[in-house]
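Hi there,

Here is the structure I promised to pass on to you. Please have a look at it first, and then read on for my notes.

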Amino acid sequence: MTDIHQFVTRYGSEMDLRALSETDMANILDSIRQLIRSEGQDRQHHLAALTAVKILSRARDRVDLWMSEEIFNWLIVSSHLNRYKTAGDSLAPPDSRDMDTVVEAVKCIYNLTFTNRKVQLMCEKEQCVLELLNRCKIYSNSSIPHSLKLFDLKLMFLITALVSSTASSAAKDWCGVSSLTQLLQDILPANPQNLLSEENCQLVVEILRILYNLLSQFDGHNDNNGEEHAMLAEVSRQLVGCHCETRDRHLEVTKHCCNLWTLLPSKLAHILVPAADELNDVSKVQRSFLGHDVTAIFEILSYLEMLLKDVSVRAQQDQLLPVLLPLTTLCKSNRIIRKYCRCQVLPPLKDEVKQLPEEGNSLRNKFCKLLTSTVTQVKHVAADFLYVLCKENVSRLIKYTGFGNAAGLLAQYGLMSGQSSTSTEYSDDSDSDTEEYRDLESQVNHVTGRCEPVRPNPMEGMSDEQKEYEAMQLLNAMDKLQRLGVVQPSTIGPDGKPVPVEHVLQLAPDIDNTENNED
C-alpha cells in the first residue's frame with residue numbers, strides 16, 4: 001500500500017496529470033484493485049485509495065481507460081449508497097469512524113459523474129439518487145457532518161441534471177419534491193433573528209437547484225401535485241424572508257427561489273403574500289402592504305434592482321429573464337402583488353416628468369431603458385411586465401414610458417391604435433395623479449414622455465405656397481429614405497399593427513379627395 005500513499009503525496013495538489021505516465025497509472029490502479037479485493041481493509045489505506053481515485057479523476061480524458069464496475073461498486077459501498085433503498089424506517093447514519101471514507105467516496109463519485117458518461121449511467125443503474133433521498137431523511141442526526149450533506153446534495157444535483165430519466169423517477173416515483181421540501185423546512189431558522197447560517201445557506205442553494213431539476217420533469221402542472229407544490233411555495237417564501245450572513249448569499253438564495261417560481265403554478269401566487277393576521281409569527285413580517293406580508297416580493301424587487309444596476313447587456317437574458325418572467329406571472333395572477341410592484345416600480349408621477357423616462361436611477365427609469373434593449377427577449381418581457389402593472393391599459397403605459405419606448409410592445413400586440421385588449425380581469429383601483437403632475441401634464445410630450453419647453457411654430461409667418469413647398473421637400477426626403485431602405489413608413493392596420501406602405505403618398509390618403517373637392 002506504500003505505492004498509494006506515495007502517489008497521494010506526490011500528486012495530491014496537482015490538477016494537471018499529464019506528467020503521470022501510463023506505467024505509473026497502471027501500477028497505482030493495480031494497487032487500488034488489490035486493496036478492493038482484500039478483506040479487512042485498514043481505514044487509513046482505504047481512505048488513501050479513495051483519495052488516489054479522486055486524483056485520477058482529474059485526468060478526464062483517461063477515466064474511460066480505467067473505470068470499471070468493480071471500482072464503481074467499491075465506491076458505492078464506501079459511500080454507503082447501497083444501504084438505504086430497503087432500510088425502511090431503520091435508517092442509520094454511517095459509523096463516525098467511517099465518516100471520512102464515506103465523504104471521500106462521495107467526492108470521488110461526484111468528480112467522475114461530472115466528467116464521464118459511463119459513470120452517469122452507472123449511477124442511474126444503482127439508483128444513487130434514491131439512496132441519497134433516503135439518506136436526506138437522517139440529516140438531522142448530529143453525527144452527520146456538513147461536508148457529507150453538502151456533497152450528497154451536489155451529487156444529487158449533478159445526476160438529476162445530467163440523467164433526465166433519473167430526475168423523472170425522483171420527481172414522479174420517489175417523492176423527491178416532498179422529501180426535499182421537508183428538508184428545506186427542517187433547515188428554516190428557529191432563532192429570533194431569522195438567520196440562516198453559512199452552512200445552511202449552502203445546503204439550501206443545493207436543494208433549490210435539485211428541486212428545479214425535478215419540477216422541470218412535470219409536463220404542465222398536475223393537480224395531483226398541488227399539495228406538495230403549495231408546501232414548496234410556502235417554504236420558499238419563508239426562505240426569501242430569512243437573513244443570511246452575507247448579502248451575496250441572500251441574493252443567491254433569492255435567485256434560486258425565483259427559478260423555482262418559474263415552474264410553480266400561478267394559482268399559488270397568493271401563498272407568497274399571506275394575510276399578516278393569518279401568520280403564526282407576525283414578528284417575522286418585515287414588509288406589510290394592505291394587510292399582507294409582501295416580504296418575499298420586496299426581496300425579489302431588491303434582487304432585480306441589483307441586477308439592473310450591475311448586469312451587462314450580454315448577460316441580460318440569462319440574469320434578468322428568470323426574475324422577470326415569474327414576477328410578471330405573479331403580478332398578473334394576484335392583485336396584492338401587482339399593486340405592491342406598481343407602487344415600487346411605477347409610483348405616481350411627480351416632477352420627474354421633466355426628464356426622459358429612461359433617465360435616472362429609479363426602477364421606472366431602469367425598466368424604461370430596458371424597453372430599448374438590444375436583447376429582444378428582455379425588451380419584450382420588460383414591456384410585458386410594465387404593461388401588466390398598468391393593468392394592460394395603453395394610455396397608462398404611454399403615460400409612464402412615453403410612446404416611443406412603448407412602441408415595440410404596442411406594435412407586437414396590435415395596440416398602435418390605442419385600444420387596450422385583455423382577457424384578464426383587473427380591479428377597479430384608480431390611477432390618481434399627484435398635484436405636481438397635474439401642473440405639468442399639459443406640457444408633457446407623450447411621444448418622449450417628458451415635459452418639453454414651448455417652442456416657436458417654425459411655420460409661423462409662412463405663406464401657403466411656402467408651407468406647401470416645405471411639405472413636398474419633407475415628402476421627397478421620406479421617399480428617398482424609403483427607396484434606400486433606411487426607413488419603412490407604415491400605417492396602422494385594422495388589427496392595430498403597423499402595415500408597411502409602398503409609397504409615402506399612402507400616408508396621406510385624403511390628399512386626392514381634398515384636391516378633387518377644391519376643383
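Let me begin with threonine 434, which is buried at a relative accessible area of 14% (buried means under 20% relative accessible area, exposed over 50% and partly exposed in between, with a 1.4 Å probe and protein chains only). You will find threonine 434 in the loop that joins helix H21 (403–413) to helix H22 (435–440); helices (H or I, at least four residues) and strands (E, at least two) are DSSP runs, numbered from the N terminus. Setting aside residues up to four places away in sequence, threonine 434 touches Pro348, Leu349 and Lys350, where contact means heavy atoms within 4.5 Å.

A word on the background: this is a predicted model, in which local features need pLDDT of at least 70 and side-chain atom pairs count only at pLDDT 80 or more, while totals for chains, interfaces and linings use all residues. Residues are numbered from 1 along each chain as its sequence is written, and side-chain values use heavy atoms, with hydrogens and water left out.

Next, leucine 214, which sits in helix H12 (residues 198–215). Leucine 214 counts as buried because its relative accessibility is 1%. Its contacts, leaving aside neighbours within four places in sequence, are Thr160, Ala167, Ala170, Ala171, Gly176, Val177 and Leu180. For valine 177, which is 37 residues away along the chain, the C-alpha atom is 6.9 Å from that of leucine 214.

Then there is a helix pair to look at. The axes of H6 (residues 99–115) and H7 (residues 117–125) come within 6 Å and cross at roughly 120° (axes are lines fitted to C-alpha atoms, for helices over the stretch in contact, and angles run from 0 to 180 degrees between N-to-C directions). H6 and H7 are therefore oblique to each other; angles under 35 degrees count as roughly parallel, over 145 as roughly antiparallel, 65 to 115 as roughly perpendicular and the rest as oblique. On the H6 side the contact is made by Ile109, Leu112, Thr113, Phe114 and Thr115, and on the H7 side by Arg117, Val119, Gln120 and Cys123.

Finally, the cysteines. Zero disulfides turn up in a search of the whole structure, a disulfide being a pair of cysteine sulfur atoms within 2.5 Å. Cysteine 123 is buried, with a relative accessible area of 2%, and its sulfur is 4.1 Å from the closest cysteine sulfur, in cysteine 128, which is too far for a bond.

Best wishes
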